[in-house]
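The exercises below go through one structure step by step, each with a task and a worked solution. Please look at the sequence and the model before reading the solutions.

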Amino acid sequence: MNHEELLEEIEETNRAYLMLARRLLRENHAVAQFRLKLDDELADIIKSSSTRELSRLARTNQFVFRPCLESAAQLGSALADKRDPIQVPTHASLMMADATPAS
Amino acid sequence: MSEKSLVTEMQQVQLAIELIELGARLQVLVSETELSRGRLLRLYKEVRGVSPSKGMLPYSTDWFLTWLPNIHASLFYNIYRKLGEYAHGARMDVFIHAYRLYIEQTMLDGSEPTLGLTRAWILVRFFDNGLFDRARCTQCSGRYIVHAHTPTRHYVCGICHPPSRAGKTGKRRKTARVTMNDPDASADPGNVRKPRVA
């Protein structure tokens, strides 16, 4: 993959994330905030942004969102989980549910 | 007294229907709505096609501390509390949305929703009454349900340190199947329906 394609993919991922975030926020604000880990103000701005604005925001060489697993210990635990998945809900989900919102 | 508002009443019926669909026992409906017992019974029969099961609710706190239930209950409760911080709506609204989010995750995992709605509701009450607390696992730093006032400095959760036979016995599998049909009627001594003494 050449470098330009890579940049395009980052932009695409950003845009897809922002569009979905906006849709979720319009459907159910609180539940979307929980899924996205966004505080009230951030959520309100995304919710009221135009597609044009979000597209502009997406066009960058960095990701607009960051991981919700907050430490190496958490990420390590989530990946190390060898339990039968039929029995146990994902460790990651349990840990992320408690994550502090971005503000 | 003034007449009850029709809108309020409709909302109450709506709430009751939602709860019944998610598997609530009659006691939950009686506590959470202002509808009469008779109306709730009729509503229940209409929605589910059968009469609600009689008998007491599972009252034991111990069930929530056994291995698999603890993981499921902790997942649900973490969602419930966090969602409560985001939401500005009514408490039952938060509860129902949190329960749906929990079910959603178990579906993704292909696991059974071990925590039935009635149990989830009881869990919240236990917390409200100060019977439970959440401890941070010293390994994954996830938060898990423990009895209030237990020392938690060296707490390690059931996922980081599962008991050696966890999830491997035939009994567990059988229980899981039972759980699927009636999540609140799992093999719990606290849930044995005692014959009524006249």
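This is a predicted model: local features need pLDDT of at least 70, side-chain atom pairs count only at pLDDT 80 or more; totals for chains, interfaces and linings use all residues.

**Exercise 1.** Are α1(A) and α3(A) roughly parallel or roughly perpendicular to each other?

*Solution.* Helix α1 of chain A, residues 3–27, packs against α3(A) at an angle of about 105°, and their axes are 9 Å apart. Angles from 65 to 115 degrees count as roughly perpendicular, and α1(A) and α3(A) are therefore roughly perpendicular to each other. The next step is to find the residues that make this contact: α1(A) contributes L18(A), A21(A), R22(A), L25(A) and R26(A), while α3(A) contributes A43(A), I46(A) and K47(A). Sorted by class, the contact of α1(A) with α3(A) has 5 nonpolar and 3 charged residues, with no polar ones.

**Exercise 2.** Describe how α1(B) passes α3(B), and say which residues make the contact.

*Solution.* In chain B, helix α1 (residues 6–21) and helix α3 (residues 37–48) have axes that come within 10 Å and cross at roughly 50°. That crossing angle makes α1(B) oblique to α3(B), and the crossing is right-handed. From α1(B), the residues in contact are V13(B), A16(B), I17(B), I20(B) and E21(B), and from α3(B) they are L40(B), L43(B), Y44(B), V47(B) and R48(B). By class, the contact of α1(B) with α3(B) holds 8 nonpolar and 2 charged residues, and no polar residue.

**Exercise 3.** Work out the order of the elements in chain B, then find which residues touch the most other members of the largest nonpolar core.

*Solution.* Chain B has 7 helices and 2 strands, and read from the N terminus on, its elements follow the order α-α-α-α-α-α-β-β-α. Of the 198 residues in chain B, 35% are buried. Among contacts in chain B with a separation of 6 or more, 52% are between residues 24 or more positions apart. The largest nonpolar core has 59 residues, of which F76(B), I79(B), Y80(B), L83(B) and A98(B) touch the most other members. Helix α4 of chain B (residues 67–86) gives the largest share of this core, namely 10 residues. Leaving aside residues up to four places away in sequence, A98(B) touches F76(B), I79(B), Y80(B) and L83(B).

**Exercise 4.** How many residues does the contact between the chains take from chain A and from chain B?

*Solution.* The contact takes 23 residues from chain A and 28 residues from chain B. On the side of chain A that touches chain B, the elements giving two or more residues are α2 (29–36), α5 (72–80) and α6 (91–96) of chain A. The residues on this side of chain A divide into 11 nonpolar, 8 polar and 4 charged.

**Exercise 5.** Are K37(A) and S141(B) buried or partly exposed?

*Solution.* Most residues other than glycine have a negative phi. K37(A), although not a glycine, has a positive phi of about 60°, and K37(A) is found in the loop between α2 and α3 (40–47) of chain A. There are 21 other C-beta atoms within 10 Å of K37(A), so K37(A) is buried, given that the cut-off is 20 or more. S141(B), also a residue other than glycine, has a positive phi near 60°, and S141(B) lies in the loop between β1 (132–136) and β2 (143–147) of chain B. S141(B) has 17 C-beta neighbours inside 10 Å and therefore counts as partly exposed.

How values were computed:
Residues are numbered from 1 along each chain as its sequence is written. Chains are lettered from A and ligands numbered from 1 in the order in which they are written. Axes are lines fitted to C-alpha atoms, for helices over the stretch in contact, and angles run from 0 to 180 degrees between N-to-C directions. Helices (H or I, at least four residues) and strands (E, at least two) are DSSP runs, numbered from the N terminus. Angles under 35 degrees count as roughly parallel, over 145 as roughly antiparallel, 65 to 115 as roughly perpendicular and the rest as oblique. A crossing is left-handed if the near helix is turned anticlockwise from the far one by less than a right angle, and right-handed if clockwise. Two residues are in contact if their C-beta atoms, placed from the backbone, lie within 7 Å. Ala, Val, Leu, Ile, Met, Phe, Trp, Tyr, Cys and Pro count as nonpolar, Asp, Glu, Lys and Arg as charged, and the others, Gly among them, as polar. A nonpolar core is a set of buried Ala, Val, Leu, Ile, Met, Phe, Trp, Tyr and Cys residues joined through C-beta atoms within 7 Å. A residue is buried if 20 or more other C-beta atoms lie within 10 Å of its own, exposed if 12 or fewer, and partly exposed in between; C-beta atoms are placed from the backbone.
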